[in-house]
Amino acid sequence: MKDTKFKTVAYIITILFSLMILFPLLYVLSNAMKDSASVYDVPPKMVPNNANSVSVVANYDTVSAGMSQEELLKAIQQDHVAVMMACVNEMQHESVFEVKFYATVNGNTTYYARAHRAEIDLEKDNGIFRGAAITPNTLAQPARWTALVEKLGYQYDPNGIAKYLAPTIQTGEIETTVQHIFEEQYPLTGKFQRSFVH
């Protein structure tokens, strides 16, 4: 009887110490799956938020009238950079892991770009925008936005890209935040049409 009590107490103590040793490892693994802003949440959460992919659609029907294809492409590319940088910079607590940008002209998706948050953060913190505040004026500097467009990549076809159709749904709180960003803080050359977060 005495041996059984001793073994039970020994098992309980062993289990408690095992949990104490494993907790920091589980916490590190949990933080590895969070975005950079969520790591510092107080109180800390063990389960990370869902990763969000933000898609922004801008329409260039009215802007394209009176512009050459080259001028239109430059305007779209400048908006491309504004969308990528503004989404990551202004939505730090929404777990944005990917940003997609669609430009439509006459109902066709003519421009598509996609970037992962890590790529954008790298350019913001250590690359093209290093040491610069992310403002509409900074994003409008031609040397910076042209270099970023080339690094991130894009697809453009004035006749339309059938492979990438612009999303049509807009609902929810995050979509409203995205709309506010591009209608109030970072106005686009094209008309902000909608956003989609999934």
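1. Tyr 156 is partly exposed, at 24% relative accessibility; the classes here are buried for under 20% relative accessible area, exposed for over 50% and partly exposed in between, using a 1.4 Å probe and protein chains only. A caution on provenance: this is a predicted model, where local features need pLDDT of at least 70 and side-chain atom pairs count only at pLDDT 80 or more, while totals for chains, interfaces and linings use all residues. Numbering runs from 1 along each chain as its sequence is written, and side-chain values use heavy atoms, with hydrogens and water left out.

2. Across the whole structure, a search finds six aromatic pairs. Rings of Phe, Tyr and Trp (its six-membered ring) pair if their centres lie within 6.5 Å, and planes under 30 degrees apart are stacked, over 60 edge-to-face, and the rest tilted. Phe 23 and Tyr 27 make a stacked pair, with 6.2 Å from centre to centre and 25 degrees between the planes. The two are four residues apart in helix 1, so about one helical turn separates them. Phe 23 is partly exposed at 47% relative accessibility, and Tyr 27 is partly exposed too, at 24%.

3. The pair of Tyr 111 and Tyr 156 is tilted, because the ring centres are 6.3 Å apart and the planes stand at 55 degrees. Tyr 111 belongs to strand 3 and Tyr 156 to strand 4 (residues 155–156), so this pair ties together parts 45 residues apart in sequence. Helices (H or I, at least four residues) and strands (E, at least two) are DSSP runs, numbered from the N terminus. Tyr 111 is buried, at 0% relative accessibility. Ring pairs also join Phe 101, Tyr 111, Tyr 154 and Tyr 156 into a cluster.

4. Now for the strands, which pair if DSSP finds at least two bridges between them. Strand 2 pairs with strand 1 (residues 52–59) in the parallel sense over eight bridges, and Val 54 has Val 99 in strand 2 as its bridge partner. With strand 3 (residues 108–116), strand 2 pairs in the antiparallel sense, over eight bridges; here Thr 104 stands opposite Thr 109. Strands 2 and 3 form a hairpin with two residues between them, and Asn 106 in the turn has a positive phi of about 55 degrees. How enclosed is strand 2? Nine of its 10 residues are buried, so the rest of the structure largely encloses it.

5. Ser 30, in helix 1 (residues 2–32), is buried, with a relative accessible area of 3%. Leaving out residues up to four places away in sequence, Ser 30 touches Lys 45, Met 46, Val 47 and Pro 48, where contact means heavy atoms within 4.5 Å. His 93 sits in the loop between helix 3 (69–90) and strand 2 (96–105) and is exposed, at 57% relative accessibility. From C-alpha to C-alpha, His 93 and Ser 53 are 13 Å apart in space, and they are 40 residues apart in sequence.
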